[in-house]
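Visitor: I am new to this structure and would like to learn how to read it, one feature at a time. Could you take me through it slowly?

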Amino acid sequence: MLHGDWNLNEIVTGFIRALELMASLDPELIDITARTLMISLSSTIIASVIAVPLASVIDSREFHGKRVIINIIQTLYSMPTVLVGLFVFLLISRSGPLGSFNLLFTPAGMILGQSILILPLVTGFSLTALRSVKTELRDLARSLGATEYQVMMKVIAEAKYAVMAAIILGFGRAISEVGVAIMLGGNIRGFTRVITTAISLETSKGNIELSIALGIILLLISLIVNTALNHFQEK
């Protein structure tokens, strides 16, 4: 039966079977979920290691073109995922500059793509978090003999909850995107298939039970992410 022909009873049955798949810890379901978390967490960590220091440098220094750089970073918040996928595809394809590393259609290639995708988001929101720290704190640290590096670390520590919120936002973007995952991962079963690409494929095949189960898991992950985000924003 084509997925467009499902009626209400069959959808309810699909939900029940999806819950049964989750309760039985279906191996394919666990495999896809674990791979999704691994790729999204890895890309978030890589992006954060670059983004937070970069935001700190931009925040702590005054230079010509600073406003332009901030505007560019903020513009890249809404960068289409397929555009990032195309850019990284050309970068890591066999004829690309990184083609010798054989990253295309691998989890590593997906991590690279997702890291680039969320880098502007984490950088921009981290920058906003750091700029919210009062100037008096920076001046006090300098008056006590702190180096610029120590001042930067103090500002990051002061804004740690807002910075964590920025990182969580990046993770939420990474785990929910599909364009980069398909273009760079190829949706290969047991190797690069993640929740979003699996939902797309299984729905087109009419395997509504697995699609619903994966959708529920993605929704639960989103709930956890939003709960953590609200916690850090309140802090």
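Guide: Let us begin with how the elements are named: helices of at least four residues and strands of at least two are DSSP runs, numbered from the N terminus. Keep in mind as we go that this is a predicted model. Read from the N terminus on, the elements of the chain run α-α-α-α-α-α-α-α-α-α-α.

Visitor: How many helices and how many strands are there in the chain?

Guide: The chain has 11 helices and zero strands, and its C-alpha atoms fill a box of roughly 70 × 45 × 25 Å when this is taken along the principal axes.

Visitor: How should I read the way in which two helices cross, for instance α2 and α8?

Guide: One looks at how close the axes come and at the angle between them, and here the axes of α2 and α8 come within 9 Å and cross at roughly 140°. Angles over 145 degrees would count as roughly antiparallel, and 65 to 115 as roughly perpendicular, so α2 is oblique to α8. The crossing of these two helices, α2 and α8, is right-handed.

Visitor: Which residues of α2 and α8 meet?

Guide: From α2, the residues include Thr-36, Leu-37, Ser-40 and Leu-41, while those from α8 include Val-163, Ile-167, Phe-171 and Ala-174.

Visitor: How does one find empty space inside a model?

Guide: Rolling a probe the size of a water molecule over the atoms shows where empty space is left. In this structure there are two cavities of 30 Å³ or more, and about 50 Å³ of space lies in the largest cavity.

Visitor: Which element gives the most to the lining of the largest cavity?

Guide: That is α2, with three residues, and the elements that give two or more residues to this lining are α2 (27-60), α8 (160-176) and α10 (195-205). Among the lining residues are Thr-36, Ser-40, Ala-174, Ile-175 and Thr-196, and the lining as a whole divides into five nonpolar, four polar and one charged.

Visitor: What lines the second largest cavity?

Guide: This second largest cavity, with about 30 Å³ of space, is lined by Ser-56, Asp-59, Ser-60, Arg-138, Arg-142, Val-151, Met-152 and Val-155. At least two residues of its lining come from each of α2, α6 (135-143) and α7 (148-158), and the lining residues divide into three nonpolar, two polar and three charged.

How values were computed
Residues numbered from 1 in each chain as written. Predicted model: local features only at pLDDT ≥ 70, side-chain atom pairs only at ≥ 80, totals over all residues. Heavy atoms only, no water. 1 Å grid on protein atoms, 1.4 Å probe; cavity = no way out; pocket = protein on both sides within 12 Å on 5 of 7 lines; lining within 4 Å. Points joined across faces, edges and corners; volume = space filled by probe spheres on them. Nonpolar A, V, L, I, M, F, W, Y, C, P; charged D, E, K, R; others polar. Axes fitted to C-alpha atoms, helices over the stretch in contact; angles between N-to-C directions. Parallel < 35°, antiparallel > 145°, perpendicular 65-115°, else oblique. Left-handed = near helix turned anticlockwise from the far one by under 90°. Contact = heavy atoms within 4.5 Å.
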